[in-house]
Amino acid sequence: MKTSVFFGALTVAGLAAGAAAAGTLDDVKARGKLNCGVTTGLVGFAAPDANGEWKGFDVAVCRAVAAAVLGDGNAVEFVPTTGKTRFTALASGEIDMLARNTTWTFSRDVDLKFTFVGVNYYDGQGFMVPKALGVSSAKDLDGATVCIQTGTTTELNLADFFRSNNISYEPVPIETNAEGQQQYLAGACDTYTTDASGLAATRATFENPGDHVLLPEIISKEPLGPLVRHGDNEWGDVVRWTLNAMISAEELGVTSANITEMSAGTNNPEINRLLGTEGELGKMLGLEADWAMKALSVGGNYGEVFEKNIGEATPIGLARGLNAQWTDGGLLYSPPFR
């Protein structure tokens with residue numbers, strides 16, 4: 001399984017070194033469009049609607065970066081990628097950034113030569129089963145057939161979990177979430193395993209979501225976040241601080257409803273620096289002074305994006321949990337804008 005997850009590591013690393021040297025920020029400005037890698041379709045995170053317009057939690061990050069750089073959140077070409085193709089697409093320069101439910105790991109950072117700019121969702125791997133199966137714990141899945149997406153950390157976590165619990169399983173390899181959903185509903189596997197957020201998003205699309213349950217075990221840490229190529233620090237800073245702007249804006253109370261008013265100036269120096277009315281943070285990034293305001297004007301702050309796409313009021317119904325602000329007991333935290 002290790003071979004499938006890190007397939008072509010040396011090739012990917014070589015491609016990344018070459019592509020990074022080009023200067024992605026200049027390329028995006030010259031092109032007038034951001035090429036953003038996303039999943040092939042996961043409702044709530046990244047999926048085209050009935051009109052073909054991409055929407056979702058990860059999509060919002062892409063649009064925010066496009067707005068920060070180009071002043072237009074619609075200046076994005078969304079490139080669907082699978083677990084196997086995503087890293088080659090990024091390393092080769094086909095995409096400028098990847099925002100695709102991708103777990104930050106040592107090997108991907110160090111061996112594959114990618115830079116994770118932060119975490120936009122703290123997750124963990126879980127299991128979904130039909131309620132009719134009568135299973136209440138993942139430890140009861142001895143001998144089960146398991147739908148598992150190839151080229152992912154999920155593959156390795158699954159092997160570790162079953163081995164450590166001295167139980168066996170039969171993998172049913174899939175390449176996309178759509179294929180996994182189809183196989184699972186067709187009964188080709190007893191359980192489907194992936195990030196718990198992905199399972200919730202997938203279940204929300206079922207005709208009878210209540211017929212399926214998420215088992216209580218979370219068997220891994222899955223810090224998901226956007227990534228860029230190693231060696232292009234200027235571009236990495238742009239993507240990193242755009243994500244941080246979304247996180248900080250929520251903490252500072254900057255929303256899509258009040259951002260215009262606040263951009264006229266406030267009594268809070270950090271808000272002023274964030275929105276470009278004080279200091280020269282935009283110039284340091286090679287962007288306009290109001291880069292963060294433009295980014296935030298597309299979809300709002302982190303909390304707004306979360307609630308709109310995957311929050312408790314949506315069919316996906318995810319609680320903030322670990323993804324709450326640090327001031328609310330979560331892990332969400334941005335370095336200061338100063």
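Guide: Let's start with burial. A residue is buried under 20% relative accessible area, exposed over 50%, and partly exposed in between. Keep in mind that this is a predicted model. Take R240: its relative accessibility is 23%, so R240 counts as partly exposed.

Visitor: Which residue forms a salt bridge with R240?

Guide: For a salt bridge, look for a side-chain nitrogen of Lys or Arg within 4 Å of a carboxyl oxygen of Asp or Glu. R240 pairs with D237, and their closest N and O atoms are 2.9 Å apart. D237 has a relative accessible area of 30%, so D237 is partly exposed too.

Visitor: Where do R240 and D237 lie?

Guide: Both sit in helix α10 (residues 233-252). They are three residues apart, about one turn of the helix.

Visitor: How many salt bridges does a search of the whole structure find?

Guide: Six. One of them joins R31 and D96, with the closest N and O atoms 2.8 Å apart. That pair links distant parts of the chain: R31 belongs to helix α3 (residues 24-31), while D96 is in the loop between α5 (86-92) and β5 (97-98), 65 residues apart.

Visitor: Is D96 buried or exposed?

Guide: Buried: D96 has 2% relative accessibility, and the cut-off for buried is under 20%.

Visitor: What about D49 and K55?

Guide: Their side chains meet in a salt bridge as well, at 3.4 Å from N to O. D49 is at 26% relative accessibility, so D49 counts as partly exposed. K55 has a relative accessible area of 44%, which puts K55 in the partly exposed class.

Visitor: Now for a polar contact. Which side chain does S197 join in one?

Guide: Here you look for a pair of N or O atoms within 3.5 Å, one able to donate a hydrogen and the other to accept it. The side chains of S197 and D123 are joined by a polar contact of 2.4 Å. S197 is part of helix α9 (residues 196-204).

Visitor: Why does S197 count as buried?

Guide: Because S197 has 1% relative accessibility, and under 20% means buried. To see what is around S197, leave out residues up to four places away in sequence; S197 then touches F45, Y121, D123, L224 and L318. D123 is on that list, and D123 is also the polar contact partner of S197.

Note on methods: Residues numbered from 1 in each chain as written. Predicted model: local features only at pLDDT ≥ 70, side-chain atom pairs only at ≥ 80, totals over all residues. Heavy atoms only, no water. Helix = DSSP H or I, 4+ residues; strand = E, 2+ residues; numbered from the N terminus. Buried < 20%, exposed > 50% of the residue type's maximum accessible area, 1.4 Å probe, protein only. Contact = heavy atoms within 4.5 Å.
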